[in-house]
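Have the sequence and the model at hand.

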Amino acid sequence: MMRALWENPQARAGLVVFGAMLAVALVGPFLVGDPDAFVARPLSPPSMDHLLGTTGQGQDVLAQTVVGARTTLGLGVLVGLLVVAIGSVVGGLAGYFGGKVDELLSLLINVSLVLPGLPLMVVLAAYLPAGPGSMAAVLVVTGWAWNARVVRSQVLSLRKRDFVDAAIVAGESPLRVLVVEILPNMASLLGGAVIGATTYAIGAQVGLEFLGLGDLSAITWGTNLYWATNDSALLTGSWWTFVPTGAAIALTGFALALLNFGLDGVTNPALAAGAGTGAPGPQPTPVRRSP
Amino acid sequence: MTAPLLRVTDLTVQFTRGGGFRPRILRAAHRVSFDLHRGEVVALVGESGSGKSTIGRVVARLLQARSGTVALDGRELPVTRHLRADKATRSRVQMIFQDPYASLNPVHTIYHHLARPLTLHGHGGTHLRSTAAALLESAGLAPGDAFLDRKPHALSGGQRQRVAIARALAPRPDVLVADEPTASLDVSVRMEVLLLLRRLLEARGLGVLLITHDLAAARWIADRIVVLYAGQVMEQGPAESVLSSPQHPYTQLLVAAAAHTSAPLPAGPGAPPVIDPPPGCPFAERCRNATTACRTGTIPDHIRPTTHAGPWVTRCLHPGS
Amino acid sequence: MNDVVLHIQDLRVAYGSTAVLHGASLRVSAGEVLGLVGESGSGKSTLVQGALRMLGRPAVITGGDVILDGQSLFDLDAAGLRRMWWNTVSLVPQNALNALNPMLTIGAHVDDTLLAHGITDAADRRRRAIDAMALVDLLPDTLTAHPHMLSGGMRQRVAIALALLLEPRLVVFDEPTTALDVVVERDILDRIRALQAERGFAAVFITHDISLLLTFADRIAVLYAGRVVEVAPARALGGPSSHPYTVGLLGALPPKLGEDRTAVPIAGVAPRAGQTTPGCAFAPRCTHASPKCEEPQALRALTDHHHVACHRVAGERP
């Protein structure tokens, strides 16, 4: 599977770009200066000394962008994994056992889905003490249900397959059947779910922080944008205070989207590059006589 | 006759369809009784909707019954109460499914499919791999070792079905429920699989409950045949006798249709009444000999003892006509 | 029976770079049923659908010719072919039961087909729809039903009615009764025969169930590993001058009532689709194989109607 992903051009591009962002997040902070330090006159444009200029508080934009990557991406990936994990457990149990268990868990899932996400996020973020833990909690609480729904319906359909019955007749316990027999058949779905959830986590995180609901003392992409606006970046025309972070976010989102498309292409060969183009209606089988 | 290995008595399986004020009852099986002895193949035959697969799944503890009993070596199984079964009970009844492409897990190797049941039922241990290979060989896949690391998609339909048989044999069962094991296979491979089942049955002293709509195959491989229509037993008895001179009008219809001649059939096509079924014989609406008595009241069993393979029972008011 | 409706000559089809059909030839006349029998991987669906150019990507025709009602199908462009499809030749596809769109009523299916072939008058369409249902003994109110409300047999009858809508000269039935019970199957077969007597179309009946064809078809073509190995009148199949594969196939069936024989499976495994040998593909499993079998075996005529691709049976006749 991994090999197939690598061979798919979209997936490869996505992996390379996202991998580069992760590398920057991990290693970058050691290569740049202290993002909190006052280094030059505030709102100085990019120059040889400071490649991306300075913020409204005289801090190095490059350093802030690079350091911000660490928290944003780290939390994003972590929340993405958590959301899928929780969603899989709840959805998996509901889909596998059916009956009363399904009714109860579906109720839980549906209530979570019906609660308005953005207001809930805002309220929770405002109420909880600032910090990465709270941010993770807010994102997970508002994000797990959609995944649970998707996993539940896929498990429901796989549950009916003969190989599941065969495992039950052979004497496997329900948990083993769910985890060892059913879930591996959903690998591509779960992979796509993680990518989607990570995208959501990054986007929601940045959104909340931009509104000022995150930990304002931390350096993240979201808070970078918050401070840029707060320090009147647009009014003064200081594009360098928000464009780098914005570009980084956009690039990350783009990379994850490419990875998702690539994954779709690998798991559904009909979507792979080259097929499905041309005029509408059935095309007759071509005749190609070899000389 | 020795005591039966499997005795099914008055088995009834029902499903409710639709809720609201008047949910409808789908009667998949109604008061079905038959025996299965060691070393014997009993074929449950019928068209779709006859209930044969449902009965097989109840015996394999995949479905719950509404009433009736299923006894294994005299001991009753809780088929009406729940689907939980401990490993010891599970090991005694195993199942082979119709579609060899669906009954193996596409993400796992053949080794996994065999190692799990072997380990679960205590036949694992240090020689797990060679035991698995030997099991494949006894199902006709030689050399067994060559197949262990492959995945199902690399095997043909016939080969996959052999893997399914090997897997079913791993827990050393007493009863094998084979649900249309050859329906999805090529014609030239079907006989091989049926002969394999027969060979294994004799070698290991199993009982095989063969569920099939293929009358010719049933006649070839089964000792006894149970003919089902709309979930009820119409006729049962020694396979050769029942199929060469069927007593029940429905059996006569099946035999005539399966013969692929151009002679007209004794009745036309029709759907068996399984939803909210009327009283009396379910075949009455299609039967040309049906009388008013057939549509009311209970239909008696005509029992004709035979010298071998148990009695010949026909549930009909006008058998043999 | 001289009115040859379909003539397939030496057809070769490949999926991408893998050749799956290696030169198959067939002829079907009006009013006759040609049975096409083969196991999985033999290429029976590929043969007919490829001949009609109904195969999707990555199939490509690499050789031969197909004459339908006097017109070479390989000379036609897409528009010409679409005129042919359903008008001159129609297909009752494999799994027609599930090929009907569950979202549309039967009436909508009929209407769509008629509209697609230029029948613009709504009253005309309505009349043809009712006629179509009557043709297969279905009540007009079937037109308002959705596919899932009908039984398997009824859906198959709908598929047949759809195929006959524009009164084609040739109807191809691809495994139409495989998923049906034996009593319903018999009903469908009787109907096909009756409709053919009434309308006079040529019929190709593809199936893996050879015992069905022995009493239903007029002539039978046997396919093995992408080649036609025998074409014979149904009664002559399995006799002493039949291809060893045909004999093996018939011998592997469980014996019928009154038949005194033991069923014997064919030894060995059939080649997968796409595997080729220059000579006879059946030789590794044949009890009469000889070195001569490694040479290409052409279909040779034993009589006007009986052709066998086996040098042992047909001798050296061209």
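**Exercise 1.** Determine in which hand helix 3 of chain A passes helix 12 of chain A.

Solution. The crossing of helix 3 of chain A with helix 12 of chain A is right-handed, a crossing being right-handed if the near helix is turned clockwise from the far one by less than a right angle, and left-handed if anticlockwise. The model is predicted, with local features needing pLDDT of at least 70 and side-chain atom pairs counting only at pLDDT 80 or more, whereas totals for chains, interfaces and linings use all residues. Residues are numbered from 1 along each chain as its sequence is written, and chains are lettered from A and ligands numbered from 1 in the order in which they are written.

**Exercise 2.** Work out how helix 3 (residues 61–97) and helix 12 (residues 243–267) of chain A pack.

Solution. The axes (lines fitted to C-alpha atoms over the stretch in contact, with angles from 0 to 180 degrees between N-to-C directions) lie 9 Å apart at an angle of about 30°. The two helices of chain A, helix 3 and helix 12, are therefore roughly parallel (under 35 degrees; over 145 is roughly antiparallel, 65 to 115 roughly perpendicular and the rest oblique).

**Exercise 3.** Which residues of helix 3 and helix 12 of chain A meet?

Solution. On helix 3 of chain A they are A:V61, A:T65, A:G68 and A:A69, and on helix 12 of chain A they are A:P244, A:T245 and A:A248, contact requiring C-beta atoms, placed from the backbone, within 7 Å.

**Exercise 4.** Describe how helix 5 passes helix 6 in chain A.

Solution. Helix 5 (residues 117–127) and helix 6 (residues 132–159) of chain A have axes that come within 9 Å and cross at roughly 155°; helix 5 of chain A and helix 6 of chain A are therefore roughly antiparallel, and their crossing is right-handed.

How values were computed: Helices (H or I, at least four residues) and strands (E, at least two) are DSSP runs, numbered from the N terminus. Two residues are in contact if their C-beta atoms, placed from the backbone, lie within 7 Å.
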